[in-house]
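I opened a new structure today and kept notes as I went. Here are my entries, in the order I made them.

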Amino acid sequence: MKNDLIESIVDEVVKRVNEEMCVPIEASGKHVHLSRADIDTLFGPGYELSKMKDLSQPGQYACKERVTLIGPKGAMHYVVVLGPERKETQVEVSLTDAVVLGVKGLVKESGQIEGTPGIVIASATNMVQLQRGLIVAKRHIHMTPEDAAKHNVANGETVQVKVFSSRPLIFDDVMIRVSPSYATFMHIDYDEANACGFTKGTMGKILKKST
Ligand SMILES: [Zn+2]
């Protein structure tokens, strides 16, 4: 057998084992989810966000609209707005972003914004002062019920994930979130992505904790 044939077979086997045992990873940059009231303030009453690109999670999309985050120590421009609109505005940044802005970065699950810091969000024409809602998203894996069964994990469970990359590492305290409306992807922020040398296509393997 020729070497390149053997190589292509090995590549295919590795790919299939990865698909079976691993989850694909995506890195999320800083972004904003806006409430109806805050969309009205920032862009005008009744304004509809314009979809630019679908995201991996069904129904979620990046919008053309960009905003500026203004904190006590710094500002960040061209921050993407994700749709659809939410019940309450939520700003997701990395711990590094929080340092630049001069706000306390609290690691929280999406939606858990009780006690989180506020921030100013500005559009080209107006601004809103959030009283709360800035979080550093806790790393998590969205999973379909089928994949959760395959990996033997349940909604709300935390696991470790070994990342296969140029700087492999094991992430601890990774939240499992299961819903039929999800697509299976692990989400990390840019601090975590840089820490593990993430590139597009990086995969992770779930390691169940012994404790
Ligand atoms: Zn996510």
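Is H142 buried or exposed? I looked it up: H142 is buried, with a relative accessible area of 6%. Buried means under 20% relative accessible area, exposed over 50%, and partly exposed in between, with a 1.4 Å probe and protein chains only.

**Ground rules.** I am reading a predicted model, where local features need pLDDT of at least 70, side-chain atom pairs count only at pLDDT 80 or more, and totals for chains, interfaces and linings use all residues. Residues are numbered from 1 along each chain as its sequence is written, and side-chain values use heavy atoms, with hydrogens and water left out.

**Zinc site.** I asked which protein atoms hold the donor positions at the zinc ion. Donors are N, O and S atoms within 2.8 Å of the metal (3.2 Å for Na, K and Ca); water is not among the atoms, so sites may look incomplete. I noted the sequence spacing of the donor residues as H-x1-H-x44-H. H140 is also buried, at a relative accessible area of 10%.

**Helix α2.** Next I went to α2, residues 36–43. Helices (H or I, at least four residues) and strands (E, at least two) are DSSP runs, numbered from the N terminus. The buried residues of α2 are D38, I39 and L42. Seen down the helix axis, they fall within an arc of 105 degrees, so they line one face of α2. The arc is that of the directions from the helix axis to the C-beta atoms. Their cover includes β2, β4, β5, β8 and β9. Just after α2, I found G44 with a positive phi of about 115 degrees.

**Cores.** How many residues does the largest nonpolar core have? I read 23, and those with the most contacts inside it include V32, L69 and L101. Such a core is a set of buried Ala, Val, Leu, Ile, Met, Phe, Trp, Tyr and Cys residues joined through side-chain atoms within 4.5 Å. Elements giving two or more residues to this core include α2, β4 and α3. β4 gives the most, with four residues. Apart from this core lies another, of 17 residues, among them I141, I188, A193 and C196.

**Strand β12.** I then checked β12, residues 158–164. Its covered face has V159, V161 and V163; the uncovered one has T158, Q160, K162 and F164. In a regular strand the side chains alternate between the two faces of the sheet. Two strands pair if DSSP finds at least two bridges between them. β12 runs antiparallel to β13, with five bridges joining them. A hairpin of four residues links β12 to β13, and K162 has I170 as its bridge partner. β12 also pairs with β15 in the antiparallel sense, over five bridges. There F164 stands opposite M203.

**Aromatic rings.** My search of the whole structure found one aromatic pair. F43 and Y47 are stacked, 5.1 Å centre to centre with 25 degrees between the planes. Rings of Phe, Tyr and Trp (its six-membered ring) pair if their centres lie within 6.5 Å; planes under 30 degrees apart count as stacked, over 60 as edge-to-face and the rest as tilted. F43 is partly exposed at 22%, and Y47 is partly exposed at 28%.

**Last entry.** R16 lies in α1, residues 3–21. R16 counts as exposed, at 56% relative accessibility.

How values were computed:
Contact = heavy atoms within 4.5 Å.
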